[in-house]
Amino acid sequence: MQQEVVLALLAKEPSHGYQLRSWLQQALGPAGDAMNAGQIYVTLSRLEKAGLVSCEQAAGLPDRPDRKVYALTAAGQQRVAAWIADVSWPGPGLAEFHLKLIAAEAARLADPVDIINAQRGELLRQLREAQRAAMAEPHRSAAALLLEGIVLRLQADLRWLETCERNQTVRKDFS
Amino acid sequence: MSDTLSTDTRGTPVLRARGLRREYGRQAGLVRAVSGVDLDVAPGETVAIMGPSGCGKSTLLHLLGGLDRPSAGEIWLAGQSLRGLGERRLARLRRDTVGFVFQAFHLMEELTAAENVELPALLAGRSPGAARRQAGELLDRVGLADRARFLPAALSGGQRQRVAVARALVGDPRVVLADEPTGNLDSEATLDVLRLFEDLHVAGQTLVIVTHDARIAATADRLVTMRDGAFTDETRLTGGTAGAGSGLGALAGLEG
Amino acid sequence: MGQILLAARLVARDLRHRPGPAALLLVAITAATTVLTLALALHGVTSQPYQQTRAATNGPDAVAYLPVPVGPGPAGPGPAGPSPAVAAAELIHHAGVTAHSGPYPLVTAVVRAHGLAALAEAEGRAEAPAAVDQPKLTAGSWVRPGGVVIERTFAQALGVSVGDRVTLGGRRFTVAGIAVTAAMAPYPNICYMGAGSCFGNVGPGAGHFTPSEVGLIWTTEPDAMSLTTPASPVAAYVLNLKLSSPASAAAFAGQGPGPGAGVPLITWEGIANADGLLVSDEQSVLLPGAWLAGLLAAASVVVLAGGRMAERTRRTGLLKAVGATPGMVTAVLLAENLVLALLAAAAGLAAGWLAAPLITSPGAALVGAPGAPSLPLSVAGEVTGAAVLIALAATIGPAIRAARTSTVSALDDTVRKPRRGAVLIALSARLPVPLLLGLRLVARRPRRALLAAASTAVTASGIVAVLTFRATVAVRLAGVSRGLGNPVIDRDEQMLLVLTVVLVALTVLNAAVAAWATVLDGRRAFALARALGAAPSQVSAGIVAAQVIPAVPGALLGIPLGLGLFAAASQGGSLAVPPVWWLAAATVGTLAFMALLASIPARLGARRPPAQILQAETA
């Protein structure tokens, strides 16, 4: 969830809300245009209430939300680590995984290639299941059709993972 | 990254490689197709090797099958080391231990399906009757019994590849090596070959498959990723996540 | 204009890109054209040297052999008629006769030297030079009492030189000199001229010597007369005549002038022809040989051209895909081979011109070597025509086929699909692996197998023809040979040797080319066979088998063909079939030789690791 993304960003260093927002906009590009400007602050206050994030007022400034500096608590760090290692799929969309990769690299939480490999293994396991199930169903039955759809989407996701991996190697070559 | 060895204890490995290297050219023009690969394949296991094109997976497969000589390293096929074997003994070993399936099928155009399948048996010196009989059985097993007399030109791509698989099986090989078996096939034909590989796997055949295709890779027990001539990752695919039903539901987008 | 330039550029590019096969093609056609040039250059080569001898010796335009009338004798009544003196006077004073020498007595006697024996016609001469036909000495000096002069070829056959002792008619003489003449055909052709000069069937040697064992010796007149015996008198009187119009010598001889018809008269043209017999015999060996060489070269060319065509189908498809017309495509394909053919013709003409003196020296009988034979334009034209024909014949088929193929299938490279020979495939399954592979290779390309059989037949027929010649000669000389050299036969053997060498060379080329083409054509199949478990030795044995299997019927066919070839070349002369074991050895030897030749490309072709070849195919 987006919450975890924010947490991961704070793992790098404490930040202002507007810094986080501009970072997200940059990472998502056009796909993030629909994001509400104030959404980030809502998320931050939720996280604070949950005790995952602590908030400090910048000294000497009036009490305005965008002047607050947020940082991770210990619980927040634990949550981030668990999120990085989590391979459940599907997320609500590609964005989560995409952001996970970028955040992991920016905050040096893990090697993105390892994340990709782990995810790929999981997807292949699921593909295997779906494939087996599809072959067990009568040819062209309704069930087989749905399973075929699952298989095709998984294939597409796997191809995207491949592209992510290629991207990583290219960036490594240039770093 | 060469320490990803299989610790499967089901028996001595059918196929084993240590420190495999294959290089072409010299000095400035040196190309390292395979640089430092270790691999163990247990009996009955299916191993898939994936990677971008040019990463050396086909070269690796040719080395494992004795079709090419490594620049360095050692290979054991069914416990027999390939190092220093003369061409004749290599050929015999290949004949008895390995079945090869190629991306381009490589069927003889002027021979019927049955004649293509029986060819390795004839080369091994078996009697024509026995060879023909076994070819018939294998064609039946891959579902092409009624096409035994057809020339390859009269068969679809998927059917040709199934004939090629039958041919690879005629020597009762310990391991079947498949190099991009569905590379030249459309999705329908890919399904046919897929089913065939699943059947083989269930029957206990050891398979090493080099592939681009995630569907084929998904049939494997173990997936190895290759890049620039070396293994970069290995994942176990069998023994998967929790119950089939729930996973599939989520995949389909149903809220759990 | 642009099209021609383009065609020229394509041809040049291709020749430069793949010079190997083009060079082979060149060699094959050049060998054939060289042999053809030699054969044609022999034509009339002796006319020049004969003229030289005629000039040097003041040779006669006509020679009369005046018979000596004898009364009834043990052999029956001899020729009746006027006495030689009368007949001579008639001829000498005949209108049209401008000069004469003789009459000289001609006596036959047995000559022995160095353990050899032959029949000599001894012509009694004056020690002073004659007005017409004074033989030109090539060694020693002219006749003297007790000293004889021997005709050069005869002297070579007997193995005598100046100063040696010979026995003539039982009496001892010294060889005073060796000479050549234009007035009589040289040994051993004296008796092959037709009428007149042959007296081998009279006198002491009758029945003991064959017509080819007669030679000419000059002695002094008293010495010649001393050789006569009551049983063997003077055989005839020789009268050399010079005519006012030498060109009409034949007419003069046909007139039968003089008292009583039937004075044997020989013209200078007849002698010239007889001089040329040596050479025309050579030609009768070289021309069939040239045909054989041409056929073998054509076979090589067909294989080479066919192989190149197969590899160029894709190129043809590309050309057509970018807009070349079928005509253009055919033109380009033909032009390459025509260029090579023209080069080969030029090379063959040059080689033949250079080698001709070795072969065309007309024998010892005539003065002077012919020098570099003139190559009249006709010869050049014929040789060029032959080369072009060979190139055309080989390429016209594939060229038309290539031009007619649809562009798509050409790009697909599906044009030269291998044939399916179901029977052979089924049969081969029962055979050991090398024969299995070899037989299936043969079944894939039946036309090439046919070509291999034809080439082997050509080679085998050449070898059988040579063997037949040897057998025939052995029979002809059996029991008769006294060790005398026979320049005709010697020459023929030399010719045959040359021819055999050329044939063998072309066979080597042919077999190597065929094997190489098989290796190239089948490399994917071999790689596959090896991937499926065939050992390299089995594969190379299979390639060899694929060459030898079609060669067997060819070799067997060569036996009757070779016999027929010899019969045709010897123009109905006698023919002795060579013994069976010669033929068997020749057949087996030819096949073994072909197997050996094929094994080299076979081993090379079987060596490459299969992976490279198979990968290249999928690339």
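When I speak of a helix, I mean a DSSP run of H or I that is at least four residues long, with helices numbered from the N terminus. With that in hand, and keeping in mind that this is a predicted model, look just past H3(A), where Gly51(A) takes a positive phi of about 80°.

Let us stay with that helix, which covers residues 39-49 of chain A. Which residues of H3 in chain A are buried? They are Ile40(A), Leu44(A) and Leu47(A), and because they fall within an arc of 65° when we look down the helix axis, they line one face of H3(A). In general, an α-helix has 3.6 residues a turn, so residues three or four places apart point the same way. On the face of H3(A) turned away from its buried side we find the exposed residues Gln39(A), Val42(A) and Lys49(A).

Now please find His16(A), which lies in strand S1, residues 15-16, of chain A. His16(A) counts as partly exposed because it has 15 C-beta neighbours inside 10 Å, whereas a buried residue would need 20 or more. His16(A) and Arg67(A) are 51 residues apart in sequence, yet their C-alpha atoms are 6.6 Å apart in space.

Finally, let us turn to the contact between chains B and C, which takes 28 residues from chain B and 28 residues from chain C. On the chain B side, the largest share, 6 residues, comes from H2(B), and the residues of that side divide into 13 nonpolar, 5 polar and 10 charged.

Methods
Residues numbered from 1 in each chain as written. Chains lettered and ligands numbered in written order. Predicted model: local features only at pLDDT ≥ 70, side-chain atom pairs only at ≥ 80, totals over all residues. Buried ≥ 20, exposed ≤ 12 C-beta atoms within 10 Å, placed from the backbone. Helix = DSSP H or I, 4+ residues; strand = E, 2+ residues; numbered from the N terminus. Arc of directions from axis to C-beta. Contact = placed C-beta atoms within 7 Å. Nonpolar A, V, L, I, M, F, W, Y, C, P; charged D, E, K, R; others polar.
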